[in-house]
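Here's a walk through one model, with an eye on how its side chains pack. Have the structure open as you read.

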Amino acid sequence: MNPFMDPWWATPAEGITQGAVYALLAIACTAPARRVDPGPLAAFTLGVFASYVAYLALGFRPGPTPDVHPALLVGYLALGLLAAVAVAVPLAAARWPFALGAAVVVVVHAGAWLLRGDSPEPPLRLFRPHELVPGVDDVQLLVIALAALALALRHRVPPVALNGVLAGVAGFLYLLKVPGSAWYLTGVLVGLYALTAAVLGLSARATITIAVVLGLVQVCFESAIGQRWWLPFAAALLLVAVVYRLLAGRLRKAPAPAVA
């Protein structure tokens, strides 16, 4: 089966879009000294739901996409982003130890499942995507541009709020790209790829690059295999990344052979 969309450049466009979200979350999950903090995954999930609830409060409903004046649309986008960041920052600022952070992620996702059920919320669109060229639309370019801007300006954000800001922006952008992503398992899929990039990245630039590559891999996998096997596939990639990092760490710590 052909793993590429038609036209072929639609595949890298979609992969880079998803990879941009993975990159934001991967940087958020990267703690000092190359430690991995899973806590922002919970902040990401709550950010997705916060944006969704904010748009419901503003009067948007699932169904036909409304016609919104461009000036108002910018304001609505800003409010959705603000809602996601406001919810994500306090949770991610805690800087949980790995085990406690993982427990927080489990509690948040289990809570979302218990409160909202096992089905995604009905898709809710703020505006209708428009193809700029065949296979590439304005939503993809907006997600990529905002993710790149957030990553470029991350050094200006106070360190205590940085992880939450990045996780909140990622949640908002993912809901913008996938209107039906307000679901308890969304943070699992995106989180597995983000953690994989965080584990493998030796630097912020490497982490971002790996995240974008994983976005391309995910799109090709879905096109060729389908969505049924995404969870074991993403989990297997994370497992391989963890094993590789452990082995690489042991090799670096191994004493050099004696020279006669």
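## Ring pairs

First, a caveat: this is a predicted model. It holds six aromatic pairs. Take Tyr-22 and Tyr-193: their ring centres sit 5.1 Å apart with the planes at 20°, so this pair counts as stacked.

Phe-60 is buried, at 6% relative accessible area.

In soluble globular proteins, nonpolar side chains tend to end up buried together. In this model, the largest nonpolar core has 68 residues, and the members that touch the most others are Leu-24 and Leu-173. Helix H6 (residues 159-177) supplies the largest share of that core, with 10 residues.

So what does Leu-24 touch, leaving aside residues up to four places away in sequence? The list is Ala-147, Ala-150, Leu-151, Leu-166, Val-169, Ala-170 and Leu-173.

H2 has 19 residues and runs 27 Å from its first C-alpha to its last, close to the 27 Å expected. Of those 19 residues, 15 are buried, so H2 is largely enclosed by the rest of the structure. Just after H2 comes Gly-59, which takes a positive phi of about 105°.

H7 tells a similar story. Its 15 residues should span 21 Å, and the end C-alpha atoms are 22 Å apart, which agrees. With 13 of its 15 residues buried, H7 is also largely enclosed by the rest of the structure.

## A buried asparagine

Back in helix H6, have a look at Asn-163. Is Asn-163 buried or exposed? At a relative accessible area of 3%, Asn-163 is buried. Its contacts, not counting residues up to four places away in sequence, are Ile-27, Ala-28, Asp-37, Pro-40, Ala-92 and Arg-95.

## Charges and cysteines

How many salt bridges are there? The count comes to two. In one of them, Glu-14 pairs with Lys-177, the closest N and O atoms being 3.2 Å apart. That pair joins distant parts of the chain, with Glu-14 in helix H1 and Lys-177 in helix H6, 163 residues apart. Both Glu-14 and Lys-177 are buried. There's also a salt bridge between Glu-121 and Arg-116, where the closest N and O atoms are 2.7 Å apart. Glu-121 counts as buried too, at 9% relative accessibility.

As for disulfides, the structure has zero. Cys-29 is buried, with a relative accessible area of 0%, whereas Cys-220 counts as partly exposed at 22%.

Key. Residues are numbered from 1 along each chain as its sequence is written. This is a predicted model: local features need pLDDT of at least 70, side-chain atom pairs count only at pLDDT 80 or more; totals for chains, interfaces and linings use all residues. Side-chain values use heavy atoms; hydrogens and water are left out. Rings of Phe, Tyr and Trp (its six-membered ring) pair if their centres lie within 6.5 Å; planes under 30 degrees apart count as stacked, over 60 as edge-to-face and the rest as tilted. Buried means under 20% relative accessible area, exposed over 50%, partly exposed in between (1.4 Å probe, protein chains only). A nonpolar core is a set of buried Ala, Val, Leu, Ile, Met, Phe, Trp, Tyr and Cys residues joined through side-chain atoms within 4.5 Å. Helices (H or I, at least four residues) and strands (E, at least two) are DSSP runs, numbered from the N terminus. Contact means heavy atoms within 4.5 Å. The expected span of a helix is 1.5 Å times one less than its number of residues. A disulfide is a pair of cysteine sulfur atoms within 2.5 Å. A salt bridge is a side-chain nitrogen of Lys or Arg within 4 Å of a carboxyl oxygen of Asp or Glu.
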